[in-house]
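My entries follow the display.

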Amino acid sequence: MKKCFICIYLLLASILTGCSGNTENQVKIGLDMATRDGFLTSLETAAVKAASTEGIRLEVANANNDQQAQLAQIHEWAENGYAAALVVLCEENAAAQVLEKAGNMPVVFVNRRPDDAVLQSRANVIYIGCHEPTAGQMQGEYLSQHFQSAGLKSPRIAVITGSTVNTAALERTQSAKDIMQESGLNPKYIYETDANWERAEAQKDFTAFLKTKPKIDAVLCANDEMAIGAADALAQSGYAIADIPVVGVDATAEGRAAIRDGRMDFTIYQDPVAQGAGAIEVAMTLLGGNQPEDVQNSIRWIPYTPVTLENIDQLFPND
C-alpha cells in the first residue's frame, strides 16, 4: 500500500507540476478545519505529518465554526488551482454547498459525515471517519452493565451533547439511550444540554445545574472534552465522582489522563491518525484516478475501540 501511495504521488507530481522540486510545483491540497479541539488537533497534526512525508503542500485553514467562512475558503482553493480539499464540516447540511464551491476538485470529508445523497453525487467524493451510532451503542452497553450490576432500574442521568448542527452528537446520544432502554432500564434524563463540544461550556452550564444538588447516577457526554468539564463540575460541586460514572468519546490524551485519574470511567477511541493521514492518502488516490481501498458506498469506516481503566495501559502503553 505504501509503495502504491508513493507511486501515485510521483506520477501526479510529474503530470501536474513537473519535477523541479520547487515548493511552488508541489501538489497543493487544502485542509479546512471546522474548529480545533483535542481530537481535531490530533487529526490535523496527522494530516500535516503525512503530507510532509509525501512532499505534498498542505494548507490548513480554521473556519472557527463559521460555515460561510469555510465555503469561501474552499472556493478560494478551487480558484487557485488546488488539487483537492479535505473538509471537517462546520455543519453537515452544508456538504452540497461545499461540493459546489469545490468545483471539480476531489473532496474528502473527514470526521463529520454528510448524508449519503451528497456522498454519492460524485465519483471523487469520499467520507473517512467513524460510525457514530456505534459509539453511542458502546456507551449504552457500558452504562447498562453498570446500572444492572448496581441494581438500578431507573437511573438519573445527565446528558451533554455536542452541537445541534452535527449529527454525530445526536446519533451518539440517541444510540446510547436506545441501548439502555432495550436492556430493560427506564432512565430518567434529568439534564440535557448542548455544549458545542467544549469543556469550558460544559463545565459552566453543568455547574449552574448542580447548584440545586440533584441526585445523579451517571453523566453521558458526546466527547471527552465535555466529559472532563462535567467531571470537574461534579468535583467542584462536592459530588463523589468515584460513585458517578462519566462517559465520553474520543480517548484523546486528556481523556485518557482523566480515565487514569478517575474523573472519567469510560471513553471510546477514534483514531485521529487513521482519519487525518488517511484523508491525505484517500485524496491522492482519487487524484490518481483510482478508488481507495476499504471504501464502500463512498465511505471508509474507521473502527472504534472502547477504553476503560482495565485496558488503557494495554492500548496506550506509551502515554
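I count a contact when heavy atoms lie within 4.5 Å. The model is predicted, so I take local features at pLDDT of at least 70 and side-chain atom pairs at pLDDT 80 or more, while totals for chains, interfaces and linings use all residues. Numbering starts from 1 along each chain as its sequence is written, and side-chain values use heavy atoms, with hydrogens and water left out.

**Entry: Arg256**

I looked up the place of Arg256 first. Arg256 lies in helix H10, residues 253–261. Helices (H or I, at least four residues) and strands (E, at least two) are DSSP runs, numbered from the N terminus. Buried or exposed? Arg256 has 12% relative accessibility, so it counts as buried. My cut-offs are under 20% relative accessible area for buried, over 50% for exposed, and partly exposed in between, with a 1.4 Å probe and protein chains only. Leaving out residues up to four places away in sequence, I find Arg256 touching Ala251, Ile312, Phe316 and Asp319. I also checked Asp224, 32 residues from Arg256 along the chain; the C-alpha atoms of the two are 8.9 Å apart.

**Entry: H9 against H10**

Asp224 came up again here. Asp224, Glu225 and Ile228 in H9 meet Glu254, Gly255 and Ala258 in H10. By class I get 2 nonpolar, 1 polar and 3 charged residues in this contact. Ala, Val, Leu, Ile, Met, Phe, Trp, Tyr, Cys and Pro count as nonpolar, Asp, Glu, Lys and Arg as charged, and the others, Gly among them, as polar.

Two packed helices are described by the angle between their axes and the distance between the axes. Helix H9 (residues 224–236) packs on H10 at about 40°, with axes 9 Å apart. That angle makes H9 oblique to H10. The axes are lines fitted to C-alpha atoms, for helices over the stretch in contact, and angles run from 0 to 180 degrees between N-to-C directions. Under 35 degrees is roughly parallel, over 145 roughly antiparallel, 65 to 115 roughly perpendicular, and the rest oblique. I read the crossing of H9 and H10 as left-handed. Left-handed means that the near helix is turned anticlockwise from the far one by less than a right angle; right-handed means clockwise.

**Entry: H2 against H11**

I moved to helix H2, residues 38–53. H2 and H11 pack at about 40°, and their axes are 7 Å apart. They are therefore oblique to each other. The crossing is right-handed. On the H2 side I list Phe39, Ser42, Leu43, Ala46, Ala47, Ala50 and Ala51; on the H11 side, Pro272, Val273, Gln275, Gly276, Ala277 and Ile280. The contact divides into 10 nonpolar, 3 polar and no charged residues.

**Entry: H3 against H4**

Helix H3 (residues 67–79) and helix H4 (residues 95–102) pack at about 25°, axes 8 Å apart. I therefore call them roughly parallel. Their crossing is right-handed. Gln67, Leu71, Ile74, His75 and Ala78 in H3 meet Gln97, Val98, Lys101 and Ala102 in H4. I get 5 nonpolar, 3 polar and 1 charged residues there.

**Entry: the cores**

Which residues touch the most other members of the largest nonpolar core? I find Ile29, Leu58, Leu86, Val108, Val110 and Ile280, out of 49 residues. A core here is a set of buried Ala, Val, Leu, Ile, Met, Phe, Trp, Tyr and Cys residues joined through side-chain atoms within 4.5 Å. Helix H11 (residues 272–287) gives the largest share, 7 residues. A second, separate core has 33 residues, including Ala227, Ala230, Val246 and Ala251.

I then listed contacts of Leu86 beyond four places in sequence: Ile29, Gly30, Leu31, Asp32, Leu58, Val108, Val110, Ala279, Ile280 and Ala283.

Ile126 lies in strand E5, residues 125–129. At 0% relative accessibility, Ile126 is buried. Beyond four places in sequence, its contacts include Val107, Val108, Phe109, Val282 and Leu286.

**Entry: positive phi**

Most residues other than glycine have a negative phi. Lys213 has phi near 55°, and so does Asn297, at about 55°. Lys213 sits in the loop between helix H8 (199–210) and strand E8 (218–221). Asn297 sits in the loop between H11 and strand E11 (299–301). Lys213 counts as exposed at 53% relative accessibility. Asn297 is exposed too, at 59%.
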